[in-house]
Amino acid sequence: MFWTYAALLLLVFVAANVYGRFRALQVAGHQLSVLHSRPTYHGGYLAILSTLPAFVLLIAWAVVEPRMLDMMVISANAEVIEGLSKPELQAFLRDARAIAFGGIVAFSDAGKEQAAEVFASLAQTSFVLKSVLMVGLVLGGLWYGNRAIRPTMRARHFVERTVMGLLILCSAVAIFTTIGIVLSLIFESLMFFRQIPILDFVFGTHWSPQSAFEGAGAEHGEANTKIFGAIPLLVGTMLITAIAIIVAAPIGLLSAIYLSDYASTPVRAIAKPVLEILAGIPTVVYGFFAALTVAPFIRGWGESIGLSVSSESALAAGLVMGIMIIPFVSSLSDDVINAVPQSLRDGSAGLGATKSETIRRVVLPAALPGIVSALILAISRAIGETMIVVMAAGLAANMTVNPLEAVTTVTVQIVTLLVGDQEFDSAKTLAAFALGLLLFCITLALNIFALRVVKKYREQYD
Amino acid sequence: MALEMTTDTESAMDTTISAPPAVSAEGETLKMRGRDVKVFYGDKQALHGVDLDVRKNQVTALIGPSGCGKSTFLRCLNRMNDTIDICRVEGDILLDNDDVYDPRIDVVELRARVGMVFQKPNPFPKSIFENVAYGPRIHGLAQSKADLEEIVASSLQRAGLFEEVKDRLDEPGTGLSGGQQQRLCIARAIAVSPEVILMDEPCSALDPIATAKVEELIDELRQNYTIVIVTHSMQQAARVSQRTAFFHLGTLVEEGLTNDIFTNPKDQRTQDYITGRFG
């Protein structure tokens, strides 16, 4: 029903647009110069005026109607519903709806039949009311807009303001979604911190949430506070990230230097996209590459020289993650190195510097802030990466900096905590939100830092 | 073209250094000589066989309308055209008696002898001191820190910038005004003690006062260096140069004493250009 109306409105929109144009030309006596706004804008003006209010009504109706109907049905059948618990009430309404509008009915009784009748008649009324209102809004808009079209009318201003409103709305969606996610993280984390003190969480060195008391609450708090220490997870995350950066920074940076200053145009045209394909490989593919190819290889290699390597090692996960973030480092660094003006390279060459001297002493120092921010963005990407570490790093929350041992990361533990059946008020489940918040704060801080560096860099070259 | 072709320890410059310098008909030393220089950018020919001499301790101005090949010729003199992939140079360019396009010549050494100042001031994003010290450092000209400071100070002095910046040598070179930046670039070029300084429209991005200072500086530098300057301003050519060469459509139309070129040009095209009929 909703989509039928939306399609009809679209038709009206197009028709009003065409008519508005025609009308504008007509009132101008086909002399474009007497019109304040071009005919297109008059078309847009009429189209917006006729359809936008009706469209808003349509959406509002779709949001509000089901709730209104439920409330009215409940108040109309108060004596039947009395004494029902919340799930029972929901089942009652579901069945009544199914009887009224078609669908699978669990079981029906007289009360539900009666509620279904109310549903049907209310829906009928709602439909008529909606249709009348929408037709009225469309016709009113057309009538008003049609009258308003005259050469001096500032249709362009109206259309541009409406478009601007649309743009604001779109960016607001992204912003409010972010705010919503952050708020939900914060509220769930607060519930967690009510059970586990925040200091025990952030500075605790023991992590074994699986041994938490079921239904852990304040009464079990004493035992539970000792097992939610995030430090081992942070150490594991940092270890794997450090390995990844040790792999990615030199390879990415040096390949960026090659691409920007040494590669001939045809080589660059092929090599750069190929490098960027690395970024397009799904992380789960990297994950099984790490778990099935790299990890056994490292273990075999370690055993051959007499080292004990666990089958899920930080080294394997870190190496593969490093390969994954190479394109971030190389692509971003390549951009900033290219942004160093050619005049600086010429100036250096003109003084008799070799190409490598020019790169080391002029180009890289000039590009350094940009390179740093590229590295930081790569780091924050590595910290948040999940799939590779889930598959290759293991679950044991060892607090170690030995890359040959199994470690676990914040992201892996979030996955583990939320897989399977959970209760939403247990410390175990809520810990995932606290970890998410922790991770969010770390990457946010890194990103802010990177953006500040980039900003400083921009000021230098404007 | 590879930048570092010289592998033998004995470079071409050392072997020929004893040959007597070339001289002009008037007995003036010829620092650089171009013979039948042709330059191609891909399929397009930019210079059609140019013969031009640069006399020692004089300022030679290259003038002509845009696209006439004067900058291209200038960039041939220290092989800055090497950085352009599709550029090809034919003919001979001699520095003293060395062919600069000889494969045995190390382009790095060449550019240390033939320095360049560019159209737009391009100080490195380093301190004023580091900008000037850059060349001496890479060529190992200073034995000690004191040596280096001495070179920097004297270069800045010769570029007429020392008094203005002596208290803030640690500040970034990019923070100076346009005219100061250009003089910093000249100081940077002087610091490696080149024999020839090439200037590609060095004043086109400067205001009149800064221009006057740079022109004054060019005139002073003539004592110690040989200077080739490309300029769009005929007044500037007349003010700073001893000899002027007029380029048109990739050919050298006329070359002679600046005075003669501007008062008594032999070629009709030169006459037309300097009186402002085209270009």
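This is a predicted model: local features need pLDDT of at least 70, side-chain atom pairs count only at pLDDT 80 or more; totals for chains, interfaces and linings use all residues.
Residues are numbered from 1 along each chain as its sequence is written, chains are lettered from A and ligands numbered from 1 in the order in which they are written, and side-chain values use heavy atoms, with hydrogens and water left out.

At the interface, 21 residues of chain A are in contact with 26 residues of chain B, contact meaning heavy atoms within 4.5 Å. The area buried between chain A and chain B is about 1,800 Å², and carbon and sulfur atoms give 63% of it; buried area is the accessible area (1.4 Å probe) that two parts lose on being put together, summed over both. Between chain A and chain B there are 0 salt bridges, a salt bridge being a side-chain nitrogen of Lys or Arg within 4 Å of a carboxyl oxygen of Asp or Glu. Polar contacts between chain A and chain B involve 4 residue pairs, both residues at pLDDT 80 or more. A polar contact is a pair of N or O atoms within 3.5 Å; within protein, one must be able to donate a hydrogen and the other to accept it, and residues adjacent in sequence count only if both atoms are side-chain atoms. On the side of chain A that touches chain B, two or more residues each come from α13 (342-350), α14 (355-384) and α17 (427-461) of chain A; helices (H or I, at least four residues) and strands (E, at least two) are DSSP runs, numbered from the N terminus. This side of chain A comprises 8 nonpolar, 9 polar and 4 charged residues. Ala, Val, Leu, Ile, Met, Phe, Trp, Tyr, Cys and Pro count as nonpolar, Asp, Glu, Lys and Arg as charged, and the others, Gly among them, as polar.

Pockets and cavities were located on a 1 Å grid over the protein atoms alone: a cavity is a set of points where a 1.4 Å probe fits but cannot get out, a pocket is an open set with protein on both sides within 12 Å along at least five of seven lines, and lining residues have an atom within 4 Å of a point. Grid points are joined across faces, edges and corners, and a volume is the space filled by probe spheres set on the points.

The largest pocket holds about 700 Å³ of space. Its lining has 26 residues, and D261(A), Q342(A), R345(A), K355(A) and T83(B) lie nearest its centre. Helices α9, α10, α13 and α14 of chain A each give two or more residues to this lining, which divides into 9 nonpolar, 8 polar and 9 charged residues.

The second largest pocket holds about 540 Å³. It is lined by 19 residues, with F13(A), T51(A), L52(A), F55(A) and L166(A) closest to its centre. Among the contributing elements, α2(A) gives the most, with 7 residues. The lining of the second largest pocket contains 14 nonpolar and 5 polar residues, and no charged ones.

The structure holds 2 cavities of 30 Å³ or more. The largest cavity, of about 40 Å³, is lined by residues including L278(A), Y286(A), F328(A) and R381(A). At least two lining residues each come from α10 (265-280), α11 (283-304) and α12 (314-339) of chain A. The second largest cavity has a volume of about 40 Å³, and α9(A) gives the most to its lining, with 3 residues.

Over all chains, 25 salt bridges are present. In one of them, D334(A) pairs with R268(A), the closest N and O atoms being 3.4 Å apart. D334(A) lies in helix α12 and R268(A) in helix α10 of chain A, so the pair ties together parts 66 residues apart in sequence.
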